[in-house]
Amino acid sequence: QVQLVESGGGLAQPGESLRLSCAASGSILSINVMGWYRQAPGKQREMVALSTSGGSTNYLDSVKGRFTIARDNAKKTVYLQMNSLKPEDTAVYYCFADIGTMTRSPYGYWGQGTQVTVSS
């Protein structure tokens, strides 16, 4: 059983920073893509930042230069450093990972979501 456990959400004022973490656990053989999506009320879920096992990264245009994704493969953990937060960053942030296990080919797993609220 694979689990993704997120932490680090909360309330921040505009211009402040937050750091999200997501740790994968279970009988994991491989993790290719790890990253973050978000969903604001009344909007579709959107990709925020992704990191591949080869080191490539991809960001939503509106967060480029403000957010940084990093991963620790040994700890099976991905981080999202969010700087210069804006009210429009307010959303539930979901961890995503493409994980292969002993009993299942690579499959996309989701965390439970963590709320990020940016407000003065």
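## Strand 5 and its hairpins

In this predicted model, strands 5 and 6 form a hairpin with 5 residues between them. Within that turn, G55 has a positive phi of about 100°. The two strands run antiparallel and are joined by 3 bridges; strand 6 covers residues 57-59. Across this pairing, L50 has N58 in strand 6 as its bridge partner.

Strand 4 and strand 5 run antiparallel, with 5 bridges between them.

S51 belongs to strand 5, which spans residues 46-51. Is S51 buried or exposed? Its relative accessible area is 5%, below the 20% limit, and therefore S51 counts as buried. Leaving aside residues up to four places away in sequence, S51 touches N32, V33, M34, S56, T57, I69 and R71.

In soluble globular proteins, nonpolar side chains tend to be buried together. The largest nonpolar core in this model has 31 residues, and W36, L80, M82, Y93 and I99 touch the most other members. Two or more residues each come from strand 3 (18-25), strand 4, strand 5, strand 7 (67-72), strand 8 (77-82), strand 9 (91-101) and strand 11 (114-118). Which strand gives the most to this core? Strand 9 does, with 5 residues.

Y93 has contacts in several parts of the sequence. Not counting residues up to four places away, the residues that Y93 touches include E6, L20, W36, V48, F67, L80, M82 and V116. Y37, R38, G113 and T114 are also among the residues touched by Y93.

## The loop at G8

G8 is located in the loop between strand 1 (3-7) and strand 2 (10-12). With a relative accessibility of 32%, G8 lies between the 20% and 50% limits and is therefore classed as partly exposed. Beyond the residues up to four places away in sequence, G8 touches L18, R19 and L20. The C-alpha atoms of G8 and Y93 are separated by 10 Å, although these residues are 85 apart along the chain.

A pair of aromatic rings is described by the distance of the centres and the angle of the planes. The whole structure contains 4 aromatic pairs. In one of them, Y37 and F96 have ring centres 5.9 Å apart and planes at 70°, so this pair is edge-to-face. The pair links distant parts of the chain, with Y37 in strand 4 and F96 in strand 9, 59 residues apart. Y37 and F96 are both buried.

Y37 also pairs with W110: the ring centres lie 5.0 Å apart and the planes are at 70°, so this pair is edge-to-face. Here the linked residues are 73 apart, with Y37 in strand 4 and W110 in strand 10 (residues 107-110). W110 is partly exposed, with a relative accessible area of 38%. Y37, F96 and W110 form one aromatic cluster. R45 lies over the face of W110, at 4.6 Å from the ring centre. R45 also lies over the face of Y94, at 3.8 Å from that ring centre.

Methods. Residues are numbered from 1 along each chain as its sequence is written. This is a predicted model: local features need pLDDT of at least 70, side-chain atom pairs count only at pLDDT 80 or more; totals for chains, interfaces and linings use all residues. Side-chain values use heavy atoms; hydrogens and water are left out. Helices (H or I, at least four residues) and strands (E, at least two) are DSSP runs, numbered from the N terminus. Buried means under 20% relative accessible area, exposed over 50%, partly exposed in between (1.4 Å probe, protein chains only). Contact means heavy atoms within 4.5 Å. Two strands pair if DSSP finds at least two bridges between them. A nonpolar core is a set of buried Ala, Val, Leu, Ile, Met, Phe, Trp, Tyr and Cys residues joined through side-chain atoms within 4.5 Å. Rings of Phe, Tyr and Trp (its six-membered ring) pair if their centres lie within 6.5 Å; planes under 30 degrees apart count as stacked, over 60 as edge-to-face and the rest as tilted. A charge sits over a ring if NZ of Lys or CZ of Arg is within 6 Å of the ring centre and within 35 degrees of the ring normal.
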